[in-house]
Amino acid sequence: MAGTDRTQEPVKDGGPAIILVAPQLGENIGMVARAMLNCGLTELRLVRPRDGWPSEKAAAAASGALEVIEGARLFDTTEAALADLQRVYATTARPRGMVKPVVTPGQAATELRAAAAKGGRTGLLFGPERSGLVNDDIALADAVLSVPLNPAFSSLNLAQAVLLVGHAWFMAADDTEARRLELGVGETASKAELMNFFTRLEAALDETGFLYPPEKRPTMVRNLRNLFHRIAPTEGEVNTLHGIISALRGKSGQDR
């Protein structure tokens, strides 16, 4: 989905370092950088990238997330890449027969944010595209992070995995409203504007005989008013509704 707004202040709250062990393709690293910046993550560490570093293909695939690419640090071993971190989670989809906590992305995000709040440096460890992390790398982590997916098909590409985990991190501190009405440039109509509309609408319906029989008219009017209150029309939408009434009555709209 396209959605970059250059007028917005970028979200960069530090977050865990993303460590890629033996990534194979520059394009995949670039897509990881893009996924990271989507979630406000900027620290990328690379352990023995197969095709070398820096990579023009990575920069091209980053789709604008060049600050992540340009700030990437190179390491010869996983141990070196993790040396300054206090808490690390290793991502894997397969059981490895180790006695180690296994957490979901949401739980990992909560724990990582708690560790960071106490001043700890944290990281998320991802393995190469084809095989994932080896057991020796997983043994260096404090816990295993596993994404709940279709057990019959849980394979993710590298950028997908980073995005899912990074998004969980981002959402753990996000306060976006779960639901909102996007009004664009319009304002919600005032009660006075709605009442004026109701008066005209009900008069038109009386003319056509719709609000019949008389004993049912109060209930029908309440239902109609509740309907329009529930959808909270804008001023522009109320004006459009006035126009519809005028058109149906064959008038110019001068009787508003």
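A crossing of two helices is termed left-handed if the near helix is turned anticlockwise from the far one by less than a right angle, and right-handed if clockwise. The structure examined here is a predicted model, in which local features need pLDDT of at least 70 and side-chain atom pairs count only at pLDDT 80 or more, whereas totals for chains, interfaces and linings use all residues. Residues are numbered from 1 along each chain as its sequence is written, and side-chain values use heavy atoms, with hydrogens and water left out. Helices (H or I, at least four residues) and strands (E, at least two) are DSSP runs numbered from the N terminus.

Helix H8 (residues 191–208) packs against helix H9 (residues 217–231) at an angle of about 140°, the two axes lying 11 Å apart; axes are lines fitted to C-alpha atoms, for helices over the stretch in contact, and angles run from 0 to 180 degrees between N-to-C directions. H8 is therefore oblique to H9, given that angles under 35 degrees count as roughly parallel, over 145 as roughly antiparallel, 65 to 115 as roughly perpendicular and the rest as oblique. The crossing of H8 and H9 is right-handed. On the H8 side, the residues that meet H9 are Lys 191, Leu 194, Met 195, Phe 197, Phe 198, Leu 201, Glu 202, Leu 205 and Asp 206, and their counterparts in H9 are Arg 217, Val 221, Leu 224, Arg 225, Phe 228 and His 229, where contact means heavy atoms within 4.5 Å. By class, the residues in this contact of H8 with H9 comprise 9 nonpolar, 1 polar and 5 charged (Ala, Val, Leu, Ile, Met, Phe, Trp, Tyr, Cys and Pro count as nonpolar, Asp, Glu, Lys and Arg as charged, and the others, Gly among them, as polar).

Rings of Phe, Tyr and Trp (its six-membered ring) pair if their centres lie within 6.5 Å, with planes under 30 degrees apart counted as stacked, over 60 as edge-to-face and the rest as tilted. By this rule the count comes to 3 aromatic pairs. Phe 197 and Phe 198 form a tilted pair, with 5.9 Å centre to centre and 50° between the planes. Phe 197 and Phe 228 form an edge-to-face pair, with 5.0 Å centre to centre and 80° between the planes. Ring pairs join Phe 197, Phe 198 and Phe 228 into a cluster. Both Phe 197 and Phe 198 are buried, a term that denotes under 20% relative accessible area, with exposed meaning over 50% and partly exposed in between (1.4 Å probe, protein chains only). The relative accessibility of Phe 197 is 1%, and Phe 228 is likewise buried, with a relative accessible area of 12%.

His 229, found in helix H9, is partly exposed, with a relative accessible area of 33%. Leaving aside neighbours within four places in sequence, His 229 is in contact with Lys 191, Leu 194 and Phe 198. The C-alpha atoms of His 229 and Ala 189 are separated by 9.8 Å, although the two residues are 40 residues apart along the chain.H8 also packs against helix H10 (residues 235–249), the axes coming within 10 Å and crossing at roughly 20°, which makes H8 roughly parallel to H10. The crossing of H8 and H10 is left-handed. By class, the contact of H8 with H10 has 7 nonpolar, 3 polar and 5 charged residues.

Elsewhere, helix H5 (residues 105–117) and helix H7 (residues 158–171) pack at an angle of about 55°, with their axes 8 Å apart, and H5 passes H7 in a right-handed crossing. Phe 126, in strand S6 (residues 122–126), is buried at 2% relative accessibility. Not counting residues up to four places away in sequence, Phe 126 touches a set of residues including Ile 18, Leu 20, Ala 161 and Val 165.
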